[in-house]
Amino acid sequence: MENRESRIQVQEVAPPAIEITDLVKVYKLYDRARDRVKDAFGLSRGKAHRLHYALNGVNLCIRKGETVGIIGTNGSGKSTILKIITGVLNPTSGQVRVDGRISALLELGAGFNQEYNGIENVYLNGTMMGFSDKEIDEKLPEILEFADIGDYVNQPVKTYSSGMFVRLAFAVAINIEPEILIVDEALSVGDVFFQAKCYHKFEEFKKMGKTIVFVSHDLSAISKYCDRVFLLNKGELLGEGSPKEMIDIYKQVLVGQYEIHSSKEHADFLEDVKQGSQEREAGVNPDLLEYGTGQARIVEYYVTDDSGMRTTAVLKGSLFTLHMRVNFEEHVPAPIFAFTFKNIMGTEITGTNSMVEKAFLESAEPGQVMEITFTQKMSLQGGEYLLSMGVTGYDGDTFQVYHRLYDALDVTVVSDKNTVGYYDMDSAVQVRQVSGESGPDACPG
């Protein structure tokens, strides 16, 4: 943690490892297979296809030594851009410049011959990457140790499970001394122990100054490991910045409310919310991110300690309560009230909502005002946390965000005992002697 800011500052002046300029990738889409054939031979009368822009004018620069993430909804162009960087696909137009040896783990089993066994595929992949048999001989023990698939390494890879594929492919990718490591979503198929080993390897690579680019739907991993994040949406670069900034915008995209965030109507709505929230306490984030349809508004929120006093500092092990006051402007079927704690890096630590807790399953009508409280024991480790909250729900089968506040409150947990991880197991420890003698007066037998 202490080196994170200094590392980013160094990387800002580091030379580019990957530089992309005006990148475009267009596919022709056909409704019928015969239209594709006619178009290929120039026999079509008129336009037999429509154009799909998988990438449309994307510009980005990844500097040497950075760990960057690429996030976005399905179909946003994440995998396409990785394939173009690695040379698997050619762009329709634009330029991609890469400085450094790339090792890539893209689609499951890509680069593997299904009829070869594991060891033969190690040599096949190593040769494709420019290594001699002697060099691969030297790396083979490390590759097999990391893959840890036992005797299966001598079996044809067509008999492998998806997890075995990933183990062997990742072991090869990280042990061929890459300068740039590119990983697509493939790690998600491995078991939790293998994923932990892979992320530990990421940490080693970061310390060695290598460049890492990876696509993942695991926002916690993106937040923890990435220095910067690129957000793609429908083939366009929506933004780049810190993991926290991009993840917050991505969540707006997921519920279809990123566009409304910049509209005049939404600006008026937010101003109305702010005017109705004059009683907010110290610790409120003046630059919080908020958005929603406007059918409900969180007009007041605060935390109280176990004595009922408003506070932004909570003693670890004590009870505390989150209070929300919500005004309803329109009919809302079964609103859901929620809160989430994140650490300062943006990783979601814990949270809950009224639907999960089965606390409120009714509808709300225009003009109603509701006060919601969540009371619980504070088990988080001592430190600074950001508290987010929201009012959401379902209108039929459609998920709606009526009002959401990101990082609204800064809550400090005060503790004189911090254990390992994010929260305290609150263990009761007993130690008792069951054999032998102890004490200064104990005599040898």
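## Start at a strand pair

Select I70 first: its bridge partner in β7 is V215. Now widen the selection to whole strands. β3, residues 67-71, and β7 pair in the parallel sense over four bridges. Keep in mind that this is a predicted model.

## The six-stranded sheet

The open sheet has six strands in the order β5-β6-β7-β3-β8-β9, and its pairing is mixed. Look at the edges next. β5 (102-105) and β9 (236-241) are the edge strands, each pairing on one side only. On average, neighbouring strands here are turned by 15 degrees against each other, direction ignored.

Now show the helices that pack on this sheet. α7 touches β3, β6 and β7, and its direction makes about 145 degrees with that of β7. α9 lies across β3, β8 and β9, running at about 145 degrees to β9.

## The largest core

Switch to side chains. Which residues have the most contacts inside the largest nonpolar core? They are I71, F170, F202 and F214, in a core of 46 residues. Colour the contributing elements: α5 (133-147), α6 (162-174), β6 (180-183), α7 (192-207), β7 (211-215), α8 (219-225), β8 (228-233) and α9 (243-254) each give two or more residues. The largest share, 10 residues, comes from α6.

Centre on I71. Beyond residues up to four places away in sequence, I71 touches K78, S216, L219, I222, V229, F230, L231, L232, M246, I247 and Y250. Then move to the second, separate core. This one has 32 residues, including I298, V314, M378 and L380.

## Helix α3

One of the contacts of I71 is K78. Follow K78 into α3, residues 78-85. Is this helix mostly covered or uncovered? Mostly covered: seven of its eight residues are buried. The buried ones are K78, T80, I81, L82, K83, I84 and I85. Step just past the helix to G87, which takes a positive phi of about 85 degrees.

## Rings

Show the Phe, Tyr and Trp rings. The structure holds 18 aromatic pairs. Take F170 and F202: their ring centres are 6.2 Å apart and their planes stand at 55 degrees, so the pair is tilted. F170 is in helix α6 and F202 in helix α7, 32 residues apart, and the pair links distant parts of the chain.

Why does F170 count as buried? Its relative accessible area is 0%, and buried means under 20%. F202, at 2% relative accessibility, also counts as buried.

Go to Y291 and Y406. This aromatic pair is tilted as well, with 6.0 Å centre to centre and 45 degrees between the planes. Y291 lies in strand β10 (residues 289-291) and Y406 in strand β18 (residues 398-414), so the pair ties together parts that are 115 residues apart in sequence. Both Y291 and Y406 are buried.

F146, F170, F194, Y199, F202, F214 and Y225 form one aromatic cluster.

## Strands β13 and β16

Select residues 319-328 for β13 and 369-377 for β16. The two run antiparallel, joined by nine bridges. Pick out T321: it stands opposite T375 in β16. Now colour β16 by face. M370, I372, F374 and Q376 make up the covered face. V369, E371, T373, T375 and K377 make up the uncovered one.

## A buried loop residue

Zoom to T347, in the loop between β14 (336-342) and β15 (348-353). Is T347 buried or exposed? T347 is buried, with a relative accessible area of 6%. What surrounds it? Leaving aside neighbours within four places in sequence, T347 is in contact with S220, S223, K224, F341, K342 and Y422.

## Zoom out

Show the whole chain. Its secondary structure comes to 10 helices and 18 strands. Of the 445 residues, 45% are buried. Among contacts between residues at least 6 apart in sequence, 72% join residues at least 24 apart. The chain exposes about 23500 Å², and carbon and sulfur atoms supply 50% of it.

Key: Residues numbered from 1 in each chain as written. Predicted model: local features only at pLDDT ≥ 70, side-chain atom pairs only at ≥ 80, totals over all residues. Heavy atoms only, no water. Core = buried A, V, L, I, M, F, W, Y, C linked by side-chain atoms within 4.5 Å. Buried < 20%, exposed > 50% of the residue type's maximum accessible area, 1.4 Å probe, protein only. Contact = heavy atoms within 4.5 Å. Pairing = 2+ DSSP bridges. Axes fitted to C-alpha atoms, helices over the stretch in contact; angles between N-to-C directions. Areas by Shrake-Rupley, 256 points an atom, 1.4 Å probe, with all protein chains shown as cover. Phe/Tyr/Trp six-rings, centres within 6.5 Å; stacked < 30°, edge-to-face > 60°.
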